[in-house]
Amino acid sequence: MKTTETFVQKPKSVAELREAIALGRVKAGELAAKYYDRIAEVNPRLNVFLSLTRGRALEQAARVDAAAAKGDKLGPLAGVPVAIKDVMVMRGAPATAGSKILQGYQPPYDATAVSRLEAAGAVLLGKTNCDEFAMGSSNENSAYGAVRNPVDTERVPGGSSGGSAAAVAANMAVATLGSDTGGSIRQPASFCGVVGVLPTYGRVSRYGLIAFASSLDRIGPFAGNVHDAAIMLGVIAGHDEMDATSSHSPVLDYAAESAKPVDGLRIGVPEEYFGEGLDPEVRAAIEKGIEDLKAAGCRVKPISLPHTKYAIPTYYLVATAEASANLARFDGVRYGYRSPKSETLSAMYRHTRDEGFGAEVKRRILLGTYALSAGYYDAYYLKAQQVRRLLTEEFLRAFAEVDAIVTPTSPVPAFKLGEKTGDPLAMYLADIYTVTASLAGICGVTVPCGATKSGLPVGMQVLAGHFNEGTAFRVARAVESAQK
Amino acid sequence: MTAKVTIADVERVAELANLELMQDESASMVQDLNAILDYVAQLNELDTAGVVPLAQMNELEGADGESALRADVRVPSLDRATVMAQAPVTDKVFFKVPKVIEKQ
């Protein structure tokens, strides 16, 4: 039996809350107040929220209540309390990206995903903790302290969107937004026992997302169940002229898609995701989940994705190269922190960045700058982009044979705080099953799929082809309904 | 791809990246970068001759490709007062920075 504290509490579903609000049985204002009480109670132990946006939340709740009282048509998230990972901007609220270098910054605009949530009636409670600039797999790289896993406070919630995953697991929000560059939604969702979605690259606008690696970064939802996650994605998805990489591909009713039966679907199980390093209890839980899919009528077949082992080295070259360029903008000139040691312009740049960035961010900027520097560009960055194409083509070939691919989301359940902080490479390997989909631009959903003997959640990753979120949701929902 | 990173390399790269590193920080970065570069060297096992690099995802199916570009028309951006309110040092018209050219 665990001796540590646990803060797990299942949120009510989005559909249930919305209906209660529409019928006036629950007031959005009272619901928001209840969530702020819950946050006040457990945040001191979990460190999930970095800032609260109470004024804006209560104004929005009042609008929803007034609309409900008049019998107006309500949005799909009317009155639903939601939180935002602090790498997305909200007008007038601090945006830190988990970094000291953005201390004091209050962006003057909303990210597109944020404004779409609000237009759908969501009540935005505040901003959640994360690894600095979304660089990390445990949330221990936040300049504002680590988040603790609500399942077991001695363990990490995963990262980098650890706060957004923990918020849903501890019912400090009904749903949240995170960002995923190499696994930053899927891995924490699996560690905390909630649903997390990696939408196809281009499915959700990145406008207002503080950039880490622009060819990999995606915004996606966390929720307590697959249906809610599908509703959230439907609200934030779709073309946005503020992001040239956002797609015109039609947005489906993902909630309806998730409810379709799965019998006859072809499910691929790649052998490379079940090799050395996979925890036996995680393996057993995933194998049970695969049996459940068979019982639901899926046709399961073994497949091979032989380039999988090259994904981590490819990812860490591409992501750090892009990061070194993206993070050049933090220089103490236009917003955020400026070092007092700024006698000359060059001293200002160097000291601001030295004092503002944490060790992991510096490590990645250095690695990325090195990979892009004269004499090394072809050997590292170009090579990685070539392997990225091989990895992507391998997935495209697989999706000609199967409708979805299922794997463990992480090789291990949530690890202990401090367990991997001394060894950057060991931390990078935590992303071994998630970086592949990031590089290929495909979509995926992680869904709770059993637990270890000591009660730590296990997540199954369901991957599907470009803009095929509907199939990923369907399979994830079949896994979910076979639980318990 | 098997080059060993030295402390001089780390200092050169830090200069390129406008990062000031403390002495002990440089030493641990040398160690970390070498471990990571050793690990990524396994990409050399793959023959990628003739493989076109994949730099961004717009070319893939379902993405908008070139058509994603919006019409080239002027639209208002944030006003100056809103932007300058976030600046560490400003005279309300310009961002103020230390002198750029030093007297010898």
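Helices (H or I, at least four residues) and strands (E, at least two) are taken here as DSSP runs, numbered from the N terminus. The model is a predicted one, so to speak of a local feature takes a pLDDT of at least 70 and side-chain atom pairs count only at pLDDT 80 or more, while totals for chains, interfaces and linings use all residues. Residues are numbered from 1 along each chain as its sequence is written, and chains are lettered from A and ligands numbered from 1 in the order in which they are written.

A cis peptide bond, with omega at about 10°, links A:Gly159 to A:Ser160. Then comes helix α5 of chain A (residues 162-169), which is mostly covered, with eight of its eight residues buried. Buried here means that 20 or more other C-beta atoms lie within 10 Å of a residue's own; exposed means 12 or fewer, partly exposed is anything in between, and the C-beta atoms are placed from the backbone. The buried residues of α5(A) are A:Gly162, A:Gly163, A:Ser164, A:Ala165, A:Ala166, A:Ala167, A:Val168 and A:Ala169. After α5(A) comes A:Asn171, in the loop that leads from α5 to β4 (175-180) of chain A. A:Asn171 is not a glycine, yet its phi is positive, at about 55°. It counts as buried because it has 20 C-beta neighbours inside 10 Å.

Further along chain A, helix α16 (residues 469-481) packs against other helices. Its axis and that of α7 (residues 226-236) of chain A come within 9 Å and cross at roughly 160°; axes are lines fitted to C-alpha atoms, for helices over the stretch in contact, and angles run from 0 to 180 degrees between N-to-C directions. α7(A) and α16(A) are therefore roughly antiparallel to each other, going by a scale on which angles under 35 degrees are roughly parallel, over 145 roughly antiparallel, 65 to 115 roughly perpendicular and the rest oblique. From α7(A), the contact takes in A:Val226, A:His227, A:Ala230 and A:Leu233, and from α16(A) it takes in A:Glu469, A:Phe473, A:Ala476, A:Arg477 and A:Glu480. Two residues are in contact if their C-beta atoms, placed from the backbone, lie within 7 Å. Sorted by class, the residues where α7(A) meets α16(A) are five nonpolar, one polar and three charged. Ala, Val, Leu, Ile, Met, Phe, Trp, Tyr, Cys and Pro count as nonpolar, Asp, Glu, Lys and Arg as charged, and the others, Gly among them, as polar.

Helix α9 (residues 280-295) of chain A also meets α16(A): the axes come within 9 Å and cross at roughly 105°. That makes α9(A) and α16(A) roughly perpendicular to each other. A:Gly289, A:Asp292 and A:Leu293 of α9(A) touch down on A:Val475, A:Ala478 and A:Val479 of α16(A). Four of the residues in this contact are nonpolar, one is polar and one is charged.

Now for the two chains together. Their contact takes 57 residues from chain A and 48 residues from chain B. On the chain A side, the elements giving two or more residues are α10 (311-326), α11 (345-356), α12, α13 (378-401) and α14 (424-428). The largest share, 11 residues, comes from α13(A). The chain A side splits into 25 nonpolar, 20 polar and 12 charged residues.

Leaving aside residues up to four places away in sequence, A:Ala371 touches A:Leu317, A:Thr320, A:Ala321, A:Tyr376, A:Tyr380 and A:Tyr381.

On chain B, helix α1 (residues 7-16) has B:Val10, B:Val13 and B:Ala14 buried. These cover an arc of only 105° around the axis, which puts them on the same side of α1(B); the arc is that of the directions from the helix axis to the C-beta atoms. Among what covers them are α12 (359-372) of chain A and α2 (23-40) of chain B. B:Asn18 is found in the loop between α1 and α2 of chain B. Though not a glycine, B:Asn18 has a positive phi of about 55°. With 19 C-beta neighbours inside 10 Å, B:Asn18 counts as partly exposed. Helix α3 (residues 80-84) of chain B holds B:Thr82, which is exposed, with 11 other C-beta atoms within 10 Å.
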